[in-house]
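Here are a few notes to read with the model open beside you. Take the points one at a time and find each residue as you go.

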Amino acid sequence: MININDVDKHISSFPLGSKVKVCDEYISQLKKLKEPISYDKELLVQSPWLQRTFFFVNLSLLKDYDERLLFIDKYKEVFTSWGSTDQIIKFVNNSSPDLMLQYAKKYVYSNDLFVRRWGYVMFIFHKNRDDKDFCTKILTLVKSDDELTIQMAEGWLLCELAIFNPDIVYEFLKNSDVCYKVKSWAISKIRDSFRIDDDVKDRFTKLRNI
């Protein structure tokens, strides 16, 4: 077991203004030890770099994607920013769709801002996000939210789903009672996407007038 206090001390010695590369080089060194990092909530909530290291190292030791999802659920209380959630998306991109939906249904109603965000972004890179049935089920999670970081997460997710199932997402945006801000973020991200054809973008853009 790698002592989290030792990890925290090492991270604290990073040069001022150090970027992801410095942290990831350290993470690579720790991965070679093939040992998990111990848990300390008080330390983790104070450092996004420590959060990144804790999740990257520990999740890399779990080869089963559902086990990774459950690990994140166990320690989700340390999320303190959008970076905390978004940096671990790819660790669950092969998790069971049904299991993810089961947990996401609780997450999107959490009082914790970043747990709510995780409830949406966890699907961003999922291998089955092109499946029509899965897409429809994910859309049942999308709802009005007053928080900007959640609105942006929902917009990002809707854009990602629209890449594969534009008709389903279009009908959702056209007919649902989700607030305008969520829909607006989705349309903006769709317009900015390099993976969506211009004719599809134009169709979504016209929704702003409805």
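1. Let's start with a pair hidden from the surface: R116 and D145 are both buried (buried means under 20% relative accessible area, exposed over 50% and partly exposed in between, using a 1.4 Å probe and protein chains only). Their side chains meet in a salt bridge, 2.9 Å from N to O (a side-chain nitrogen of Lys or Arg within 4 Å of a carboxyl oxygen of Asp or Glu). R116 lies in helix 8 and D145 in the loop between helix 9 and helix 10, so the pair ties together parts 29 residues apart in sequence. Helices here are DSSP runs of H or I with at least four residues, numbered from the N terminus. K143 joins R116 and D145 in a network of salt bridges.

2. A word on the ground rules. This is a predicted model, with residues numbered from 1 along each chain as its sequence is written. Local features need pLDDT of at least 70 and side-chain atom pairs pLDDT 80 or more, while totals for chains, interfaces and linings use all residues; side-chain values use heavy atoms, leaving out hydrogens and water.

3. How many salt bridges does a search of the whole structure find? It finds 10. One of them joins D86 and R117, with the closest N and O atoms 2.7 Å apart. D86 sits in helix 6 and R117 in helix 8, so this pair ties together parts that are 31 residues apart in sequence. D86 is buried at 15% relative accessible area, and R117 is buried at 6%.

4. Now look for rings. Y39, F54, F55, F71, Y75, F79 and W118 form one aromatic cluster. Rings of Phe, Tyr and Trp (its six-membered ring) pair if their centres lie within 6.5 Å; planes under 30 degrees apart are stacked, over 60 edge-to-face, and the rest tilted. The count comes to 14 aromatic pairs. Y39 and Y75 have ring centres 4.6 Å apart and planes at 40°, so that pair is tilted.

5. Finally, the greasy middle. The largest nonpolar core has 70 residues, and F55, I88 and W118 are among those with the most contacts inside it. (Such a core is a set of buried Ala, Val, Leu, Ile, Met, Phe, Trp, Tyr and Cys residues joined through side-chain atoms within 4.5 Å.) Helix 10 (residues 148-164) gives the most to this core, with eight residues.

Notes
Helices (H or I, at least four residues) and strands (E, at least two) are DSSP runs, numbered from the N terminus.
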